Amino acid sequence: MAAIEDFLRSLSRLRALREEAVVIKIGGNVLPHPEAFCEDVEALLDAGAFPIIVHGGGKAVTDMEKTLGREASFVQGLRVTDADALELVQMVLAGKVNSDLVAMFNAHGVKAFGLTGADGQLLLASPRKKPAGLGFVGEVKAVNIPTLVPLADAGGIPVIAPLGITEEGQLLNINADTVAGDIAKALPARDIVFLTDVPGVQDKHGEVFPTLTAARARQLIKNGTISGGMIPKVTACLDTLEGVHAAHIVDGREPHAILRQLLTLEPAGTQFRTRGR
């Protein structure tokens with residue numbers, strides 16, 4: 001009886017995604033189970049949802065910099081991007097990483113379209129002023145949602161590289177976590193899922209927090225429990241909570257992690273909620 005009840009609850013949650021957007025942020029190297037990942041995305045499409053993929057690829061950019069004899073530099077988890085680094089980011093993220101992901105989806109029967117924030121001015125951006133010294137790094141000022149509508153109408157999914165564009169036409173490198181959060185808020189999406197290479201947000205003993213309130217998460221950032229590259233992910237989750245049903249940081253190394261998390265079948269990460277949710 002318990003198994004049947006669990007199945008019915010999961011089916012109800014899947015039906016609740018109909019005509020809802022789900023933003024999924026992936027890194028360039030967090031897809032050890034590409035077939036299972038594509039099956040999860042296809043299941044969301046079949047349920048009537050509109051999955052939107054935002055990808056990073058910082059490791060691939062760093063590897064290319066090393067190949068060219070450059071040293072990557074970061075401030076508060078954000079890549080310092082001079083003119084040469086911006087060119088590399090364009091080549092690696094908008095080029096290889098984006099096209100590889102689009103090819104993967106299409107090979108698994110999921111119609112995918114590769115985009116950057118420059119396409120149709122999807123991500124109108126301005127230079128980021130803090131912290132100082134980041135170079136051609138931006139922050140999203142507006143998301144042009146109508147750019148995505150034809151893709152939804154065509155039954156496809158957008159695969160978005162985190163490059164924004166200014167009103168003057170200058171490309172800017174933008175943190176993929178914050179891009180995913182900005183898109184989720186602008187839609188608004190029902191859920192936003194960050195696939196990572198860790199089990200979720202962990203305490204100082206390595207235990208995963210299955211849920212976190214916004215207040216508790218901010219406290220963990222303040223005391224250093226949440227640090228480094230996890231800070232932009234957690235911050236993006238917290239920033240979306242007012243408009244998004246739920247935000248999740250999920251272990252992308254686990255097969256079918258997305259559906260497991262969204263349907264609460266053996267959750268594979270941390271869910272964020274406001275007090276009382």
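This is a predicted model: local features need pLDDT of at least 70, side-chain atom pairs count only at pLDDT 80 or more; totals for chains, interfaces and linings use all residues.
## An exposed glycine in a loop

Gly-69 is exposed, at a relative accessible area of 68% (exposed means over 50% relative accessible area, buried under 20%, and partly exposed in between, with a 1.4 Å probe and protein chains only). Gly-69 sits in the loop that runs between helix H3 (58-67) and strand E3 (74-75). Helices (H or I, at least four residues) and strands (E, at least two) are DSSP runs, numbered from the N terminus.

Residues are numbered from 1 along each chain as its sequence is written, and side-chain values use heavy atoms, with hydrogens and water left out.

How many of the five residues of strand E8 are buried? Five of the five residues (157-161) are, so the strand is largely enclosed by the rest of the structure. Ile-157, Val-159 and Ala-161 point one way from E8, while Pro-158 and Ile-160 point the other way.

E8 has parallel pairings with strand E2 (residues 50-55), over two bridges, and with strand E5 (residues 112-116), over five bridges. Two strands pair if DSSP finds at least two bridges between them.

## Salt bridges

The structure holds eleven salt bridges (a side-chain nitrogen of Lys or Arg within 4 Å of a carboxyl oxygen of Asp or Glu). One of them joins the side chains of Asp-82 and Arg-70, at 3.2 Å from N to O. This pair links distant parts of the chain, with Asp-82 in the loop between strand E4 (78-79) and helix H4 (83-107) and Arg-70 in the loop between H3 and E3, twelve residues apart. Asp-82 is partly exposed at 35% relative accessibility, and Arg-70 is partly exposed at 25%.

Lys-96 and Asp-100 form another salt bridge, with their closest N and O atoms 2.9 Å apart. These two residues are four residues apart in helix H4, so about one helical turn separates them. Lys-96 is exposed at 55%, whereas Asp-100 is partly exposed at 41%. Arg-253 and Asp-251 also meet through their side chains, at 2.9 Å from N to O. Here Arg-253 is partly exposed, with a relative accessible area of 38%, but Asp-251 is buried at 6%. Elsewhere, salt bridges that share partners join Glu-65, Arg-70, Arg-79 and Asp-82 into one network.

## A patch of negative charge

Which residues gather in a patch of negative charge on the surface? They are Glu-35, Glu-39, Glu-42 and Asp-46. Patches of this kind are made of residues with over 30% relative accessible area and no salt bridge, with like charges joined within 9 Å. Asp and Glu count as negative, Lys and Arg as positive, and His and the chain ends are not counted. Glu-42 belongs to helix H2 (residues 34-46) and is partly exposed at 31%.

Most residues other than glycine have a negative phi, and most peptide bonds are trans. Two prolines are worth a look here. Lys-130 and Pro-131 are joined by a cis peptide bond with omega about -10°, and Pro-131 lies in the loop between strand E6 (123-127) and strand E7 (138-143). The bond from Leu-187 to Pro-188 is cis too, with omega near -15°, and Pro-188 is placed in the loop between H6 and strand E11 (191-196).

Positive phi values turn up at Gln-121, near 50°, and at His-256, about 60°. Gln-121 is in the loop between E5 and E6 and is partly exposed at 41%. His-256 lies in the loop between strand E13 (246-251) and helix H9 (257-262) and is partly exposed at 32%.

## The residue Ala-176

Ala-176 lies in helix H6 (residues 176-186). At 8% relative accessibility, Ala-176 counts as buried. The C-alpha atoms of Ala-176 and Leu-78 are separated by 10 Å, with the two residues 98 residues apart along the chain.

Notes
Patches are made of residues with over 30% relative accessible area and no salt bridge: like charges are joined within 9 Å, nonpolar side chains (Val, Leu, Ile, Met, Phe, Trp, Tyr) within 5 Å. Accessible areas come from the Shrake-Rupley method with a 1.4 Å probe; for residues, only the protein chains shown count as cover. The place of a charge is taken as NZ of Lys, CZ of Arg, CG of Asp or CD of Glu.
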